[in-house]
Amino acid sequence: GISMLDTLHENNIMGVSRLHYRLNEPQRGEIITCNYPEDGNKLFVQRIIGLPGETIAIRAGPVYIDGEPIAETYLTRVDDQSMDPITLAKDEIFVMGDNRPVSRDSRAVGPLTLDEIYGRVLFVAFPFNEIRSTMALPKY
């Protein structure tokens, strides 16, 4: 879909590691595939924004983690939405798409549990002119 534009494009074929989160804790900025409980087995691609135990708020667009704004240099489409602060449980993450105006993410479906992460997106494999790694994390 279009929720991760301009980072990922519709019809990209990606390599996803299901093993990654059996060996590693999630980190902010990682691109993942996940399930939303009400959507059954359908997979969504999102970016991890909030980590277990953190408080997330959105104030007219910018995201705040524990009261501090984060720099999201990968965003090309922003909106001016706000969200009251929520504190994540020890087994929850908060995900958002890079195309904020159209992304259906934790702002709509709530935080995800770690069990709802399907895997980490490691690379784009197709189309061939877009082959690249997605492993480098943004600097916040």
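Modeller: Arginine 47 lies over the face of tyrosine 74, at 3.8 Å from the ring centre. A charge sits over a ring if NZ of Lys or CZ of Arg is within 6 Å of the ring centre and within 35 degrees of the ring normal. This is a predicted model, in which local features need pLDDT of at least 70 and side-chain atom pairs count only at pLDDT 80 or more, while totals for chains, interfaces and linings use all residues. Residues are numbered from 1 along each chain as its sequence is written, and side-chain values use heavy atoms, with hydrogens and water left out.

Biologist: Over the face of which residue does arginine 59 lie?

Modeller: The distance from the ring centre is 4.0 Å for arginine 59.

Biologist: How many aromatic pairs does a search of the whole structure find?

Modeller: Rings of Phe, Tyr and Trp (its six-membered ring) pair if their centres lie within 6.5 Å; planes under 30 degrees apart count as stacked, over 60 as edge-to-face and the rest as tilted. Searching the whole structure on this basis gives two aromatic pairs.

Biologist: Is the pair of tyrosine 36 and phenylalanine 44 stacked or edge-to-face?

Modeller: The ring centres of tyrosine 36 and phenylalanine 44 are 4.3 Å apart. Their planes lie at 20°, so the pair is stacked.

Biologist: Is phenylalanine 128 buried or exposed?

Modeller: Buried means under 20% relative accessible area, exposed over 50%, and partly exposed in between (1.4 Å probe, protein chains only). Because its relative accessibility is 63%, phenylalanine 128 counts as exposed.
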